[in-house]
Amino acid sequence: MIEPILRLDGVSKQFGGLAALSDVSFSLSEGEVVGLIGPNGAGKTTLVNVVTGNLRRSSGRILFKSEDVGLQKPYQAARRGLARTFQIVQPFPAMTVLENVTAGALFGAGAGSLGDARDMAMQSLEFVGLDGLADRPAANLALAARKRLELAKSLAMNPRVLMLDEVNAGLNSSEIDGALALIRKIAERGVTVLIIEHLMKVVLSLSKRLLVLHHGQLIADGPSAEIVADERVIEAYLGAKFAARLKELNHG
Amino acid sequence: MAIYLQILSNGLMLGALYACLAVGFSLVWGVLNVINMLHGSFIILGGYLTFFAWHLYGIHPVVMLPLVAALMFALGFALQKLVINRVVSAPVLTTLTLTFGLDMILYNAMTYWFTATPRRITLDLGAVHLGSIVLPVDRLVGTGLALAMTLLLYAVMRGSSIGRAIVAVRMDRSAAELMGIRTDRIYAITFGIGALMAGVAGVVFATVFPITTNVTGIWLGKAFVVCVVGGLGSVPGALVGGLVLGLVESFAGHWFGPQQAITAGFVLMLVLLLTRPTGLVGVRGYE
Amino acid sequence: MKSGFPLYAAMIAGLLVLATTPLYADNYVVRTAAIVAMYGALATSWNFIGGFTGYPSFSTAAFFGLGAYVGAICQRHGIPMGLAWAIATVVVAAFAALLGGIILRLRGHYFAIGSIAVVELCRLVVSSWSSLTGGGDGLNLPLMAWPPEELMRFFLFVMLGILLASLVATIIVDRSRLGFGLRCIHQNEDAAAMVGINTTAYKIAAYTLSAMFCATAGAAYASWTGYIDPTDSFQIVMTVKVVVMALLGGAGTILGPTLGAAAFVLLEELFWANFLDWNRAILGVVIVLLIFFLPGGLLSLGMRRLRAAKVGGGQ
Amino acid sequence: MFAQGILRSARAGLLAGGVATGLLAAALTSPALAQETIKIGAPLALTGGLADEGHKQDVVWKMWVEKINAAGGIQVGDKKLKVELIEYDYQSEGQRASQLAEKLINDDKVQFLFSPFGSGHTKIVAGVGERYQVPTIACVASSESVYDQTLKYLFGTLSPNGGMTTAMVKFFKEKFPKTKSIAVLGRDDVFPKSMAEGIAKAAEAGGLTIAYKELYPVGTMDHAAALSSIKAAKPDWIYITGYTQDLILARKQMQDLGVTAPIVTMVTGPSYKEFTDGLGPLANGISSSSWWHHLTSYEGQGMWPTTAAFYEDFKARTKGDPDYVHGSCAAAGEVIVDALARAGSLDKAKVRDAIAATDIQTFYGPIKFGPNGMNLSRELPIIQVQDQAIKVLAPAAIKNADMIAMP
């Protein structure tokens, strides 16, 4: 079996007495596209924060390419190739789009010089289709473009694992389609993608494997089709309302 | 033992005065997010008004209290409305620099009109003896007044509609606006209350400390420390911060000598800044 | 870079104006030029942490005062002047790095207050450590028995040297990975960490840079006046003044702080000489007007932000 | 682009213009005209922590200049030259003080400097004067450490403060033979600190025990802890030094906390009218020493033939009593008058040597500079507040009251 690129082994995170994550274990293989689903407050964002070092795990091990990175700082995660996007986009508002992405290339990917970083950034922008807006201040972008900017910035960091936290929230359906196409393109480049999503449609169309978090516990991990059919998941997590909708989707 | 009781009571009385001097500063910082460098000069201005009323017209400081309070409120309200409000949402660098500039003007004006000669109201009411402990009456009265005004402010903040509006703005400005609160007005009122409390502190101080423009910076520094120690933006925070600072200075002065008394206060402040930036009674999330 | 030429031209022209004062003006003007250079260096130093990184630091006077004291103590122990200045620079830089590791965890108002407290604490510690610092008595330094013109020229060039060094450091930082990272931190510190910037290290670097040149200037200043004491060496007023200078010229730009320092010092001279009783108030009015009508600083009037030259190249 | 941008903007243009004009104007002011007046430069603290003291110097110098000019000026050789006093506010900041001294010498071409209040700032200004060989008269600096720098152009009208301590210990032991111990609390600042250290040394030499000795830092606003400790030590003599605001606070807190001793001395406290004004009845019984008192009856040359004449003039002008700062500052003017008369020219070296050779009697008392430039020691008055007025206890020649114990 190939070495997983990212492995969580019994990871827990406590806030005071509250367990936001308890004993979560799973691994991602290189190039895999995996969906992470769960209701609000299930601990999805906490999980990402723990992996990237924004939060320190309370116990357990986080292995990136077999190296324990449980104590890393966010910048170390970024340099290792563990990139992420935020639910609420986090650009450098007064900088241009190009400068934003250059920051990713320069610091995340460790470009040798500003010039190199700029070239890499330009490629990223072309990849996400923002090259036309390169000289605009980031603060002036519309939401969809800002989400793309986040993607471009993360891509410029040359990530091995990309964690997309609700990258489609707030977008309309045509914008979502565009974003999906983009994520597929990213996956084709061999980047391991973990998609945190609310929208089932999105997750199912991208990933063959699903992780389900509920009250901080990983209650299911397996092929999308199986998970979707899993009674336990449907009842414990999706509830009757979604169950019906899912059936429609499966038949359609 | 007796000396410790004495130092304890010294510290508590001093602490109540510190609380009174800092509560207005704390409120302005908490609600407007402005570090008001004028605060020390406001205190001294209140002190001068009290002193000259007493010195020239024989008006008793207690009578001056409401008068000074009203005048200082008006001054604070106007200053916020006309000047500070224009940059109230700017970063700390801007607001701090602006109030520093305003302070230079007020300081210069006071030095010019009143000179830097230390003034004092010589009421000298004697002292009460409790066993071996000596409690000076004017400091005791000052402490009482300081506490009373601070508690009154607390009651106003909790009980009146204006007070609740101020608290609402402090918690969440945009939500308060959605609720129909005119934040501009609340800001001006809050700044007015800040100046008012500085004036009240000035009245009390005029009977206890020498009043001179030389000490504006010292009182401002105390306000910083009290705020950080207690947690900013709340009346209980200022009260706790003031008392703690008073006690720390008194005991440090006794144990390590007067040279270390002020240093101890600043060290306490830095340590708390780093370990508990919300202060001893602060609530997380306001920093 | 396209903006390079006018920048260097303006910088060299400005430095030349200051450097040539001994040729056509009396010692007072030369002294004023030296003071402009000194404050220029202080404001340019502040720019690393305050302008680039966006941390409202008010610890300039602490670094200046410590530099003065370390230099003075070294000189009193027989260490030659130049070496004493170098030691002061290194010691204070190390101090700033350590201190930065602690107080740079604070943000916004808390950092501002913490950095002001550092000035006051330094004053108190220096004042009570009499065995080393002379306490409230202050310290005498060996008076330099040079003719006044020569001495003045010497210190003009020393201060200009420090200013030039700080400007060169600014230009290097501005065009480097460090400067870019600092600007990212200024804009959004969390996002900066997420793109791989070691924000702690970068902030400490900026804070240390902001201390270094202040220390050299402080040590040189101590040798120049020949006497220092705690109250004059650690002044809150000085700390705020330097920030006002940087804001006046344009925080975060390369030449702004120096321009601001020049304008401020000259205004001060003007007011001091002409308004005996009201000079402080007039300066206060200038600050208020600056905040209202010139929030971006003098450079924002005519000069595009040099920032734009850095990554975008052209516009 | 930079240059164009600047030029394009009217406001920036104005400022740049202003900056240039400022420099030019500064450069072009070269008053190389024939010497018509004698210029004396005085950097003064008119704002900031020392503003009060600065204003005192200002008042008395203006009074002196008006008087001397009304009399036609100062005799130099065969000419009578008017005096011009040029003052700047240095805001109680040392750095400004040296900057302004430099300006006074270079820009205003002053021939003399009056140094500002306090030993620290005197050191700074004297350092500048020395470089340019401009005689500097220090009126309010009494710490001998100021004068040990071999500054050839610095002269001080106050006598060494060492003279204040030994004589005082001796006098008090004589008056209160039971005095066994002393508590000393001093402000950590050049002069107050040296007085605190000086009295401790003198007291020990005089056989007293030191019951308490601490310094408090500048900016202290509460003396309760120190005073409580002093109270516990039960000394026979409490000696506190500081500026007027410190001493008012300390006295008030002593009263509050019931801290007292048969002898309470505050330096320089009662020498200043502000001290007694601020304390009212609380000032009673407090003793101190001073360099000069208006009750003394010196006679001599100069604008004011007697101490009484000076007192009258001062009273008429300010409605108040002069203190030692006023006396010493006016005396500084007399030093210049006398030295110029003897030098007969404005030549720097000659004037300097003439000042060094000063040996005159004035309303302020004798002035004769020692090798370090400081006025020679003399018997200094010991004073005490009685019924809210200043009484002189010693020396015997001018004594007008007997010492009383603290009420």
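Domain bounds here come from an automatic or database domain assignment. The model is predicted.

## Chain A: two domains

The domain assignment divides chain A into domain 1 (6–81 + 159–251) and domain 2 (93–157). Between the C-alpha centres of domain 1 of chain A and domain 2 of chain A there are 25 Å. Eleven residues from domain 1 of chain A and ten residues from domain 2 of chain A take part in the contact. On the domain 1 side, helix H2 (74–80) and helix H6 (173–188) of chain A each supply at least two residues. The largest share of that side, four residues, is from H6(A). Sorted by class, the side of domain 1 of chain A that touches domain 2 of chain A holds eight nonpolar, one polar and two charged residues.

## How the chains meet

Four pairs of chains touch, and the pair with the most contacts is chains C and D. Chain A has no contact with chain B, and their closest C-alpha atoms are 14 Å apart. Chain A has no contact with chain D either, and there the closest C-alpha atoms are 20 Å apart.

Chains B and D do touch: the contact takes 34 residues from chain B and 33 residues from chain D. On the chain B side, at least two residues each come from helix H1 (2–32), helix H4 (92–114), strand E2 (133–136), helix H10 (235–256) and helix H11 (258–275). H1(B) gives the largest share of this side, five residues. By class, the side of chain B that touches chain D consists of 15 nonpolar, 14 polar and five charged residues.

## Chain B: annotated transmembrane regions

An unreviewed UniProt entry places the feature "transmembrane region" at residues 12–32, 64–84, 90–109, 143–166, 186–211, 223–248 and 255–274 of chain B.

| Stretch of chain B | Helix | Strand | Distance between end C-alpha atoms |
|---|---|---|---|
| residues 64–84 | 90% helix | 0% strand | 27 Å |
| residues 186–211 | 81% helix | 0% strand | 31 Å |

## Chain D: parallel strands

Strand E7 (residues 181–187) of chain D is paired with two other strands described here. Seven bridges connect E7(D) to strand E8 (residues 209–216) of chain D, and the two run parallel. Within E8(D), D:Lys213 is the bridge partner of D:Val184. E7(D), helix H8 (residues 190–205) of chain D and E8(D) together form a right-handed β-α-β unit.

E7(D) is also joined by four bridges to strand E9 (residues 237–241) of chain D, again in parallel. In this pairing D:Ile182 is opposite D:Trp237 of E9(D), and D:Val184 is opposite D:Tyr239 of E9(D).

E9(D) in turn has five bridges to strand E10 (residues 263–267) of chain D, and these strands run parallel. D:Thr241 is opposite D:Val267 in E10(D). From E9(D) the chain passes through helix H10 (residues 244–257) of chain D to E10(D), in a β-α-β crossover that is right-handed.

## Burial in chain D

E7(D) is largely enclosed by the rest of the structure, because six of its seven residues are buried. E9(D) is mostly covered, with five of its five residues buried. In a regular strand the side chains alternate between the two faces of the sheet. In E9(D), D:Trp237, D:Tyr239 and D:Thr241 point one way, while D:Ile238 and D:Ile240 point the other way. All of these residues are buried.

D:Ala183 lies in strand E7 of chain D. A residue is buried if 20 or more other C-beta atoms lie within 10 Å of its own. D:Ala183 has 26 other C-beta atoms within 10 Å, so D:Ala183 is buried. Leaving out residues up to four places away in sequence, D:Ala183 touches D:Ala211, D:Tyr212, D:Ile230, D:Ala233, D:Pro235, D:Ile238 and D:Tyr239. The C-alpha atoms of D:Ala183 and D:Ala261 are separated by 9.7 Å, and the two residues are 78 residues apart along the chain.

Definitions and conventions:
Residues are numbered from 1 along each chain as its sequence is written. Chains are lettered from A and ligands numbered from 1 in the order in which they are written. This is a predicted model: local features need pLDDT of at least 70, side-chain atom pairs count only at pLDDT 80 or more; totals for chains, interfaces and linings use all residues. Two residues are in contact if their C-beta atoms, placed from the backbone, lie within 7 Å. Ala, Val, Leu, Ile, Met, Phe, Trp, Tyr, Cys and Pro count as nonpolar, Asp, Glu, Lys and Arg as charged, and the others, Gly among them, as polar. UniProt positions are given in the numbering used here, feature names are shortened, and annotations may be inferred rather than shown by experiment. A residue is buried if 20 or more other C-beta atoms lie within 10 Å of its own, exposed if 12 or fewer, and partly exposed in between; C-beta atoms are placed from the backbone. Two strands pair if DSSP finds at least two bridges between them. A crossover is right-handed if, with the strands pointing away from the viewer, the path from the first strand over the helix to the second runs clockwise.
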